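Welcome! Take a look at it first, and then read on.

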Amino acid sequence: MTGLPLVSVPRNRPRLWLALLSAGLAAACVASLLFGAGSTGPGASLRGLLAWIAGLDAGPDDARARFVVESLRAPRTLIGVLVGAALGAAGALLQAVTRNPLAEPGLLGVSAGSALAVAIAIALGASAATLRVPVAQLGALAGCVAVLAASRVRGVGDDPIRLVLAGAVLSGLLGSLTSMILLFDERTADEIRFWVVGSLAGRRPADIMALLPGLGVALAIVVVIARPLAALALGERVATGLGHRPRTVRLLVIVAVALLVGSATAIAGPIAFVGLVAPFAARLLAGPDIRRTLWLSLPIGALLTVGADIASRLLVRPSELPLGVLTALVGAPVLVAVVRLRRLPGL
Amino acid sequence: MWRIAARGHDGRWSILVDKRATAANLLLTGLLLAASLASLCLGSASIGATAALRGLFGHGDAMTVFVIRELRLTRLAAGLLSGAAFALAGCLMQTLARNRLATPGIIGIDNGATAFAVASVVGTGFGLAPPAMALAGAATATAITFGLAGGVGTRGYRFIVAGIGVGAAFGAGTQLMLARAPIDNANTAYPWTVGSLNAADPLAVELLAVGLPAALVGAGLLARALAAVRFSDAVARGLGIRVGRCRLHALALAVLLSALAVAVAGPVGLIALMGPEIARHLSSRRGVPLFGAALAGALIMVVADLVGRRVLAPIEIPAGLITSVVGAPFLLWILLRPGHRIGA
């Protein structure tokens, strides 16, 4: 990425970090199964978890705990992992293709576009469960195209902060339009009021299945695109010289980001800052290579989201916080740190 | 020449009157009066213009007098005052940061004020009144933003993005408090999330009614210095202006105005961007159109509130949403004009 010191990183360190992060993610997932806002404490949850996994027949208390762990917390944890990884990867991709360390789907209006599309669809009478994912992906696609178009405007592309400002404004506009739709339409408002602030609570396993095709396609694109993207980081001419086609690469990146952000937004609502923090941390750990950043962003994003979700359950027991609030509290200082640390062009 | 010199009868003093700025201010005042009258007349029960004016002075039947004076006039006053305060604060911030995007809404001051005001409204242990808390919040947010950015003016953009981060954190804090508070009625939360005149606090309106004229006088005293600070610190210093002090005063005024306005109407930040912009286009390029910006801001707020009330009656669209939907494309246009410099 631009402005990063070109330190040479030992080849094995990214793998070490990947292993460490995966272990941390596994621990976070277990914690996410054990802790909750309700009355089922860690001890009871542990017995419920054992009853679920080992198939032990247990008393009525354990059966209740098993229900909580199996039907409420397990889907929630899985969604947290998927959403976090998707947003982390989307952030890394968007940052690479706009050459802007501040590019982030939430900040740039991609998530807001997705949310608006869902609000419109529900207001027009679509049932939330069936149409939400493709509609959200379409909305995210529109947002992505707008962002890339803005980043191609002369003077904006070289100026990371101007793009972020434009994105913040676009986000605000789309958010206002969503609020307006909610205002007119009581049914829509009831259906998505709590989805709009970003939360993982109360999602069904069927909702997860609806995400898998989009995420699978996006993952395939990421695998194919990682190398050309690394070449594109050296400049358009270099990439062309190496036999890659920058236009195609960019197009694929847009599609992948739209699929990732659309899927994540469809199930969890617009969640900002994960896509900023994950690639930022990944670059700190593994250096500037886009491929490493991309792969490390997956577990970091997942870890961040699952961690924020656990915190959202524990901070204001017995009620819960919107997840988007927590990621914003973590992410806003990182945004400031990026601006302070990096020698951004135009700063 | 756009300027004329008028001499006193004894020839010892003269004032420079900027013809174009005067014309612009008169135009804005006229529009503002028309919008205010419309705001008094239109509502769920429409009242004719003459009846409304008579009601305003206490004539006519009791019902009309009550509707005009108790309901619509207080709302109109809240709109006029808060709109003018937002725009004046925006104009001051833009000038001292030399950047048209550096308005209190964008750099997080509004969000800081909102967060603190909400803290006092939902009763999280602080006993102060919302306006005082809003002031504390605005000052806190400003201090944090300045601390993070390492000063203003020299690094305009860093300052703005630091402000966006600070604003996002405070916005999340507001959401957090609203989520914890037993507010199941979205209408109660609306003024604090998007900005609306629906539930303006009478105490806050009274405070603003005192604060705004004082701030206008203060801004008027600063106008000359600000007009020079617009160019560069060196130029301003060469003209004999104490730049640091001028900045500090302008900043203090902007923070005060934003806080008082937020306490009345919530974060309707885009007015701070649009008001000065309109005033700048209408009046001459010399000087800083402080007064024109205040007039334009009041006009935007009153019109936005009127549109929000009437367009889809009986559903009321908060004024903050109207300004956001109208103002955001405008802001995008400023940002994305190819090859255009935003600074200065």
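**A first look at chain B**

Chain B is built with 13 helices and two strands. Please keep in mind that this is a predicted model.

**Chain B as a whole**

- Of the 344 residues in chain B, 53% are buried.
- Among contacts in chain B with a separation of 6 or more, 72% join residues 24 or more positions apart.

**Annotated spans in chain A**

- An unreviewed UniProt entry lists several stretches of chain A under "transmembrane region", including residues 77-94, 135-151, 208-230 and 323-341.
- Residues 77-94 of chain A are 100% helix and 0% strand, with 25 Å between the end C-alpha atoms.
- Residues 208-230 of chain A are likewise 100% helix and 0% strand, and here the end C-alpha atoms are 31 Å apart.

**A closer look at B:Q94**

- You can find B:Q94 in helix 3 of chain B, which covers residues 62-97.
- Is B:Q94 buried or exposed? B:Q94 counts as buried because its relative accessibility is 4%, and buried means under 20%.
- Which residues does B:Q94 touch, leaving aside its neighbours within four places in sequence? B:Q94 is in contact with B:N99, B:R100, B:A102 and B:T103, and also with B:A272, B:L273, B:P276 and B:R280.

How values were computed. Residues are numbered from 1 along each chain as its sequence is written. Chains are lettered from A and ligands numbered from 1 in the order in which they are written. This is a predicted model: local features need pLDDT of at least 70, side-chain atom pairs count only at pLDDT 80 or more; totals for chains, interfaces and linings use all residues. Side-chain values use heavy atoms; hydrogens and water are left out. Helices (H or I, at least four residues) and strands (E, at least two) are DSSP runs, numbered from the N terminus. Buried means under 20% relative accessible area, exposed over 50%, partly exposed in between (1.4 Å probe, protein chains only). Contact means heavy atoms within 4.5 Å. UniProt positions are given in the numbering used here, feature names are shortened, and annotations may be inferred rather than shown by experiment.
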